[in-house]
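This report covers the fold, the strand pairing, the charged contacts and some backbone details. Please keep the structure open while reading.

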Amino acid sequence: MIRRLGGCLSLAAGLAAILFARSVRTASDAVADAPREAVRVSEQLAKQSPGGVIAAFEGTSSLDGTAVVVVHEPALRDAALRHGKVALGRLPLGGGRFVTLDVEPLRVVGPQTRIVVGRPGGIDVPIPYDTSQVHVFRGTVQGRPDSSVVLVWSPRGVRGHIDLGPTDQRYKLSSVDAAGRTLGPGLAVVRPVDRSAEPLPDVPLCGTEGTSVVAGCCPEPPTNVVLTKRLKAVEIAVETDFDLYENFNDLTAETDYIVELFARTNAIFMRDINVRFEVVFIRLFDTPAAEPSFMNNPDPLNGYVNFWN
């Protein structure tokens, strides 16, 4: 169950993921006028730096603790095609602080993913979303084993989440400024994020309010039981509603958000329980007239269960 997004995420009979979400777009307002001269990056950044580090970032300035970054997009594409662990450097965090990201590609969506928009009468129409142009990475900050990194890049920009660990700072990398404006090609900002920010919103709990849990229902396995450490992949389907679409008014931007959401979800599940989610189906709605009626119920979970079964 994910509440922090202003919605609910549930599994229906192990098959469907039901997602209601409200996104909050935030980025630093310290770069209202990002330097245009930083759009073009020297071709030297495409080459491997000493020590095998891919020069994917270059800091251009720092304003009020917010670093303006040139993102070398060809380097990120090259890193995604290596199908293994890579080091991306040097990402400026502001205040003269730089880090290198030890990451590996993470598949959230792929050629098999069916992405559609719902139409009245239950008709689904595929949307032209090129999953091969979306590159996702997960990993850690070099030298900080308790850190976490999630990076999502597409031709529409980059978004990253860098957590230096429980006793240090958290940062967000974004191609969009605080006013919702997309910066120039290859530009992004890195800003610190307050760990106490973005409290959990007051949202429905998808039917859990009336569900009782019996204590001791799920005991720990015996100590002599050896559990496999092999990574398990779970195929998942995502249902959305028109309320989510209204945050973007663009089907591609909405899909980008869902990919980022599950990239961050995967980072947590892979770290904690060795499980990876692969999204195989996404249904969007860009008009309320196309939504099934149960979506507007105060508690729509049972409606989704019946719909998918």
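## Terms and model

Buried means under 20% relative accessible area, exposed means over 50%, and partly exposed lies in between (1.4 Å probe, protein chains only). Areas come from the Shrake-Rupley method with a 1.4 Å probe; for residues, only the protein chains shown count as cover.

This is a predicted model: local features need pLDDT of at least 70, side-chain atom pairs count only at pLDDT 80 or more, and totals for chains, interfaces and linings use all residues. Residues are numbered from 1 along each chain as its sequence is written, and side-chain values use heavy atoms, with hydrogens and water left out.

## Overall make-up

The protein chain has 4 helices and 17 strands. Both are DSSP runs numbered from the N terminus: helices are H or I with at least four residues, strands are E with at least two. The chain has 309 residues, and 47% of them count as buried.

The accessible surface of the chain is about 16,000 Å². Carbon and sulfur atoms hold 53% of that surface. Take the contacts (heavy atoms within 4.5 Å) between residues at least 6 apart in sequence: 61% of them join residues at least 24 apart.

Two strands pair if DSSP finds at least two bridges between them. Strand β7 (residues 86-94) and strand β8 (residues 97-105) pair in the antiparallel sense, over 6 bridges. P92 has F98 in β8 as its bridge partner. β7 and β8 form a hairpin with 2 residues between them. G95 sits in the turn, with a positive phi of about 65°.

β8 also pairs with strand β11 (residues 135-141), again antiparallel, over 5 bridges. Here E104 stands opposite R138 in β11. Back in β7, where R90 is found, the peptide bond from G89 to R90 is cis, with omega near -25°.

## Helix α1

Which residues of helix α1 (residues 73-80) are buried? They are A75, L76, A79 and A80. Seen down the axis of α1, these buried residues fall within an arc of 140°, so they line one face of the helix. The arc is that of the directions from the helix axis to the C-beta atoms. An α-helix has 3.6 residues a turn, so residues three or four places apart point the same way.

What do the buried residues of α1 pack against? Their partners are β4 (53-55), β6 (66-71), β7, β8, β11 and β12 (144-154).

## Salt bridges

Side chains of opposite charge can pair when their charged atoms come close. A salt bridge is a side-chain nitrogen of Lys or Arg within 4 Å of a carboxyl oxygen of Asp or Glu. The count by this rule is 13. One of them joins R119 and D286, whose closest N and O atoms are 2.7 Å apart. This pair links distant parts of the chain, 167 residues apart: R119 is in strand β9 (residues 114-119), D286 in the loop between β17 (275-284) and α4 (301-308). R119 is partly exposed at 28% relative accessible area. D286 is partly exposed too, at 23%.

R271 bridges to D272, with closest N and O atoms 2.7 Å apart. R271 is exposed, with a relative accessible area of 55%. E278 bridges to R276 at 3.1 Å between the closest N and O atoms. Both E278 and R276 are buried. Salt bridges that share partners also join R97, R144 and D168 into one network.

## Around helix α3

I273 is in helix α3 (residues 251-273). With I268 and F269, I273 makes a nonpolar surface patch of about 260 Å². Patches are made of residues with over 30% relative accessible area and no salt bridge; like charges are joined within 9 Å, nonpolar side chains (Val, Leu, Ile, Met, Phe, Trp, Tyr) within 5 Å.

Two asparagines have positive phi values. N249 lies in the loop between α2 (242-245) and α3, with phi near 55°. N249 is exposed, with a relative accessible area of 53%. N274 lies in the loop between α3 and β17, with phi near 60°. N274 is partly exposed, at 25%.
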